Every structure is written in C-alpha cells, then in structure tokens.
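Colleague: I would like a close look at a single part of this model. Please keep the answer connected.

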Amino acid sequence: ANVTRAQFAQIMINIMCLKDAAASMTPHGVFTDVKKDAWYAAPVEMGSKMGAINGYGDGKFGPEDNVTGEQAAKLMIYATGWDVKAIDRGGYPAGYVAVAQENDMLLGLESLDLTQPMKRGQVAILLVNSLKADMLQKVGSGTKVEYVEKEGVNLLSTKHDVYRFDGVVTQND
C-alpha cells in the first residue's frame, strides 16, 4: 500500500521523538484541508511550525494524498538537520534529493521514481537509512554559526539513545 502525506507526517514526528509534544498541542488549523480534530492534525501542524511541512502553497496540505519520494526525502533531510545544505543545493525537490543521495538515505531505492507515491516497504528503507545517517548540527550562535557533520551522531543516537558498538562477544550468560 502507498503511504499518505498525513501518515508520513506522523512518522516524521515519531522519529524525531516529538509524539508526546504533538499530542499535547491544540491544532489551530494551519491548513484549510486539515480538520482540527483529525488524528493527523497535531503532527501536521507541528511539522508546519517547525518549518518541515509547507503544504502545497495554496493553504492546503493534502493529507490523504500519497507521499512521493521527493516529499518523504525532504522531511527526512529536515529531521537530520541537512535542510540548510539542501537549500544551498537548490531547495525542493532537487537539492533535497541530492543531499539525501549524498548521505545514503536513498540506498536501495535507486530505481525508484521519486516523483511517484512511495509504498510502505520503500518508506521503511528510507527510514532505516535516515535513522543511521550522520546528522548536520548547528554549532555556535549569532554571526558565528557553522554547520558541522558529526560522524556517528544520528537520529538513533540523538533521539532514541541507540548506539553502535563494534567488538567481539566473549561471554554470554
């Protein structure tokens, strides 16, 4: 089955560990086609307030529309902090797709037409790749802001306290 834009908004909020924050907010109706009491209203609005979700530009979000590969890549680039580089590379969609490819987020999806709807399995591949991708982190403040890639710092370690350790198990009780 295809994944909808509303479903992917919820996925992004979950991956960023913002599910509780989204659940506690009161949606105000950022998009005209997102009812305030819809199950997806809070994650869509939170994504919009964060700057990750822009909708179609006509005041509509299209919650039941299928999410395309380009749209899903944009949200995962945002979640990993690479959006500043994607904007420098031309913005949506080409800049986001290029940065997603450079960070191996699209491994296993090379034959996918990113302008088309994504199936659940394809979304799962994108998510696994994105969880493991190194993040770009903002360092400094004011006029001394830099963006630095932190090797080994990813969504798994920063949001889910999951770390990779290499070694040999010598005993297992």
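Modeller: S157 sits in helix α8. The model is a predicted one. S157 counts as buried because its relative accessibility is 8%, under the 20% cut-off. Neighbours within four places in sequence aside, S157 is in contact with G152, V162 and Y163.

Helix α8 spans residues 155-160, and the buried residues of α7 pack against it. Those α7 residues also pack against α1 (5-15) and α4 (69-79). So turn to α7 next. Helix α7 runs over residues 120-132, 13 residues in total. From first C-alpha to last, α7 reaches 19 Å, close to the expected 18 Å. Its buried residues are V123, L126, L127, N129, S130 and L131.

One of these, L126, leads on to the core. The largest nonpolar core holds 49 residues. L126 is among those with the most contacts inside it, along with F8, M76, I77, M105 and M118. At least two core residues come from each of α1, α3 (41-50), α4, α6 (94-102), α7 and β1 (135-139). The largest share is that of α4, with 7 residues. Nonpolar side chains tend to be buried together in soluble globular proteins.

F8 ties several of these names together. Its contacts, leaving aside neighbours within four places in sequence, include V123, L126 and L127, and these three are buried residues of α7. F8 is also in contact with A72, L75 and M76. V3 and V67 complete the list of F8 contacts.

Definitions and conventions
Residues numbered from 1 in each chain as written. Predicted model: local features only at pLDDT ≥ 70, side-chain atom pairs only at ≥ 80, totals over all residues. Heavy atoms only, no water. Helix = DSSP H or I, 4+ residues; strand = E, 2+ residues; numbered from the N terminus. Expected span 1.5 Å × (residues − 1). Buried < 20%, exposed > 50% of the residue type's maximum accessible area, 1.4 Å probe, protein only. Contact = heavy atoms within 4.5 Å. Core = buried A, V, L, I, M, F, W, Y, C linked by side-chain atoms within 4.5 Å.
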